[in-house]
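User: I would like to learn how to read a few features of a protein model. Please give the general idea each time and then the case here.

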Amino acid sequence: MWSEAELDEALADLHSGPETRQDELARARATLLRAAGEPEAEFPVTAPPAKKRTGAWRWIAAAAAAALVSGGGIVATNAFIGGTGQDPAAPATVASDDDVLKYLRGADVPLADGQYRLLTESVWTTRFGKRSGVVYQTHEILERWFPSARDRGTRTRFTRTGEIRWIKGNYEMAKSHGDLIPGATIETGWEGSWGPPTPQTTSSPMAPPLSTTTTPNVPEPPVSTRRNPPGSGWTNPSKEFLAELPADPTKLLDRLRHDNRSGQRLDEANTAPEIFEMVFGALRLGHGFGDLRVALCKALARVPGVTVDTSVTTPDNRPGVSFSITLPDRTRTFVVDLATAQVVRNRATPNPAEPGGPETASFDTAMSVVVTDDGGPP
């Protein structure tokens, strides 16, 4: 248990802004005292043999609890660092998901017969001219119409808009050195049981772009739909695959640690970056499975190295939750809507320490799901 002096000092530091109300401090202090006497979290906490830092973990948990009391956001990073470094596979927590993600919900609009869920991914991707040295971003849009009937295929449309954001150089410089700048194209097709897609493409690779801007913000290319997708699994889940996953964070975390991307059992545990991409893949196509989406988020929040931030907003300025993981060359982040647990943004940014890396994101994708009576292009 903490002493009275330790609690007063922690709360004074946390609420060090001007005109702190004493009644708010008293309520937060009472919350911390109750939290200090609670039993261990529902999910097991394991760590590799390392030097114990009990005081540090208690301080982080206290800050999280007080932030919830005062209505602030929480940034929680799961990490166990010791003489042997971080364990990439063992589950761990800084703050219980019941605290950090207590307000996360998985609301879904049900589909009526003949309706569709339209998933739209609008992405800006950073590209480089090999000959000219130009740096620019292209804009692509992937649309997929998921039907209410499971025995029907998914209509797709992949659009290269031709819009370019120039970061370094211009179209004339690229053309003079022989670098091809993508033009506008549209490809339509099918995913699922209705056979291969039937492309309908028009392109002019060296034509001037439709429009240009100088905004240095970036996004990611959606997956091409020119051919049938690979077999169902974590990164490309079918409805059947999602339906058999347990909507329980503990069981999901076990699956995530020991499944390969096709859902088959592994002898060795997956790394944190692998688990991150598996969860993103399931969330990305997990519309109609609200409870599962929430459980996936809670499972990911327990993976060492994953940072959870509850203070972010969605592209349309709604409350959101972001999940991030830092790799040697980049940082991966996606954001879910607090009310639906649907992914609304997905991006990768080069790490600042990477020599010669661009300052803009490698890709940045805005994502949305709406229910519609329109089944897509003919």
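User: Which residues does P273 touch, not counting residues up to four places away in sequence?

Analyst: Contact means heavy atoms within 4.5 Å. Leaving out residues up to four places away in sequence, P273 touches I325 and L327. This is a predicted model, in which local features need pLDDT of at least 70 and side-chain atom pairs count only at pLDDT 80 or more, while totals for chains, interfaces and linings use all residues. Residues are numbered from 1 along each chain as its sequence is written, and side-chain values use heavy atoms, with hydrogens and water left out.

User: Where is the place of P273, and how far apart in space are P273 and V303, C-alpha to C-alpha?

Analyst: Helices (H or I, at least four residues) and strands (E, at least two) are DSSP runs, numbered from the N terminus. P273 is in helix α8. From P273 to V303 the C-alpha distance is 9.5 Å, and the two are 30 residues apart in sequence.

User: Is P273 buried, exposed or partly exposed?

Analyst: Buried means under 20% relative accessible area, exposed over 50%, and partly exposed in between (1.4 Å probe, protein chains only). With 30% relative accessibility, P273 counts as partly exposed. Of the chain's 378 residues, 44% count as buried.

User: How do α8 and α9 pack, and at what angle?

Analyst: Axes are lines fitted to C-alpha atoms, for helices over the stretch in contact, and angles run from 0 to 180 degrees between N-to-C directions. Helix α8 (residues 272-284) packs with helix α9 (residues 290-300) at about 165 degrees, and their axes are 10 Å apart. Angles under 35 degrees count as roughly parallel, over 145 as roughly antiparallel, 65 to 115 as roughly perpendicular and the rest as oblique. The two helices α8 and α9 are therefore roughly antiparallel to each other.

User: Which residues of α8 and α9 meet?

Analyst: From α8 come I275, F276, V279, A282 and L283, which meet R293, L296, C297 and L300 of α9. The residues of this contact divide into eight nonpolar, no polar and one charged. Here Ala, Val, Leu, Ile, Met, Phe, Trp, Tyr, Cys and Pro count as nonpolar, Asp, Glu, Lys and Arg as charged, and the others, Gly among them, as polar.

User: How many residues of α9 are buried?

Analyst: In α9, 10 of its 11 residues are buried, and the helix is mostly covered. Among them are R293 and K298.

User: Where are N317 and A341, and is each buried or exposed?

Analyst: N317 is found in the loop between β7 (306-309) and β8 (320-326), and at 60% relative accessibility N317 counts as exposed. A341 is in the loop between β9 (330-337) and β10 (343-350), and A341 is buried, with a relative accessible area of 0%.

User: What does T159 touch, not counting residues up to four places away in sequence?

Analyst: T159 is in strand β4 and counts as buried at 16% relative accessibility. On that count, T159 touches H139, E140, I141, E143, T185 and I186.
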